[in-house]
Amino acid sequence: MRKPNWKENNSNWGLSKLGNMEIIKNVLSDTLQIADPLINIFLKQKIKKMLHNRSSRCLSLGSGKDIPDGWIGFDRYRKGKNVFPVNIQFKFPLEEESIQAVLAEHILEHFYLDDIVIILQECFRVLEKGGYIRIICPDAKNLARLLMLESEAEKDYDVMLDRRIHRWPQDELNWARTINRLSHQWGQHKSLLTSKMVEDLLLKSGFTNVKIMTVEESHYFSRIPDIHTKKFEEERKDSNLVVEGMKK
């Protein structure tokens, strides 16, 4: 499978050429995933030791290399300070009720819907009573909006931004390219989500006091920990959904 490249030339839609090395890397990645549950087990004591006596015990899922100060991050593919190579499809390397807060920012859409339920149940398990979770992901309603506009979406802000970022040609097909990128992100995204879907998923996983809001708001965090919004400042704020919930 070809990996997306955010700034390729005009000869493609933002995908690197599929060569022998890319094929080998993907085969190895799929093979090494067999070891992920063992890696999670081995990391458990190391993380437990790090969290011991810490005043801040917050977790960022799919964190990337940059996380808020005082947090720990789980990211299978990126390295950074206090970021651990955890595959969150398996049991988290954390004790029950050992975390104060969870941030799941632009990560849940990378999993199938039934896997999201399992991930949220793990979040619920590791959160202490009174702990809370913040979920941010692309809002499928924005995709529906573009689908309804069809070719008229060619002049939409999201489409024009995508064209500039990915250096797409001016061939009147960029509305279709944006719709396809938003729907599956070149094979990386596996679920389309709305605020109501996320709310129901949280409730199904045991969370209560679920709140729907904008990316510029938070019901539980005194300081909004979003990283994506800062990284992609030009992105329309209402293209993403935000839902928070609490463990009573």
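In which helix is the place of Ile41? Ile41 lies in helix H2, which covers residues 36–51. The structure described here is a predicted model. The protein contains eight helices and seven strands, and buried residues account for 46% of its 248 residues.

**Overall architecture**

- Of the contacts between residues at least 6 apart in sequence, 68% join residues that are at least 24 apart.
- The protein exposes about 13,800 Å², and carbon and sulfur atoms supply 55% of that area.

**Nonpolar cores**

- In soluble globular proteins, nonpolar side chains tend to be buried together.
- The largest nonpolar core holds 36 residues, of which Leu61, Phe74, Phe92 and Leu94 touch the most other members.
- Elements giving two or more residues to this core include H2, strand S1 (58–61), strand S2 (71–74), helix H3 (113–126), strand S5 (127–138) and helix H7 (195–204).
- Helix H3 gives the most to this core, with six residues.
- Beyond its neighbours within four places in sequence, Phe74 is in contact with several residues, among them Ile47, Leu59, Leu61, Phe84, Val86, Ile88, Phe92 and Leu94.
- A second, separate core of 11 residues includes Ile67, Ala101, Leu103 and Val242.

**Nonpolar surface patch**

- Leu38, Ile41 and Phe42 make a nonpolar surface patch of about 360 Å².
- Ile41 counts as exposed because its relative accessible area is 57%, where the cut-off for exposed is over 50%.

**Salt bridges**

- Side chains of opposite charge can pair when their charged atoms come close.
- A search of the whole structure finds 18 salt bridges.
- One of them joins the side chains of Arg236 and Asp158, with an N to O distance of 3.0 Å.
- This pair links distant parts of the chain, 78 residues apart: Arg236 is in the loop between helix H8 (228–231) and S7, while Asp158 is in helix H5.
- Asp158 has a relative accessible area of 9%, so this residue is buried.
- Arg236 also meets Asp238 in a salt bridge, at 2.3 Å from N to O.
- Asp238, at 52% relative accessibility, counts as exposed.
- Salt bridges with shared partners join Arg145, Asp156, Asp158, Arg236 and Asp238 into one network.
- Arg181 forms a salt bridge with Asp162, and their closest N and O atoms are 2.6 Å apart.
- That pair also links distant parts of the chain, since Arg181 belongs to helix H6 and Asp162 to helix H5, 19 residues apart.
- Arg181 counts as buried at 13% relative accessibility, and Asp162 counts as buried at 4%.

- Arg167 is found in the loop between helix H5 (157–166) and helix H6 (174–184).
- Although Arg167 is not a glycine, its phi is positive, at about 60°.
- With 45% relative accessibility, Arg167 counts as partly exposed.
- Glu172 has its place in the loop between H5 and H6, and its phi is near 65°, a positive value in a residue other than glycine.
- At 55% relative accessibility, Glu172 counts as exposed.

**Cysteines**

- The count of disulfides comes to zero, the rule being a pair of cysteine sulfur atoms within 2.5 Å.
- Cys58 is buried, at 11% relative accessibility.
- Cys137 is buried, with a relative accessible area of 0%.

Note on methods: Residues are numbered from 1 along each chain as its sequence is written. This is a predicted model: local features need pLDDT of at least 70, side-chain atom pairs count only at pLDDT 80 or more; totals for chains, interfaces and linings use all residues. Side-chain values use heavy atoms; hydrogens and water are left out. Buried means under 20% relative accessible area, exposed over 50%, partly exposed in between (1.4 Å probe, protein chains only). Patches are made of residues with over 30% relative accessible area and no salt bridge: like charges are joined within 9 Å, nonpolar side chains (Val, Leu, Ile, Met, Phe, Trp, Tyr) within 5 Å. Accessible areas come from the Shrake-Rupley method with a 1.4 Å probe; for residues, only the protein chains shown count as cover. A salt bridge is a side-chain nitrogen of Lys or Arg within 4 Å of a carboxyl oxygen of Asp or Glu. Helices (H or I, at least four residues) and strands (E, at least two) are DSSP runs, numbered from the N terminus. A nonpolar core is a set of buried Ala, Val, Leu, Ile, Met, Phe, Trp, Tyr and Cys residues joined through side-chain atoms within 4.5 Å. Contact means heavy atoms within 4.5 Å.
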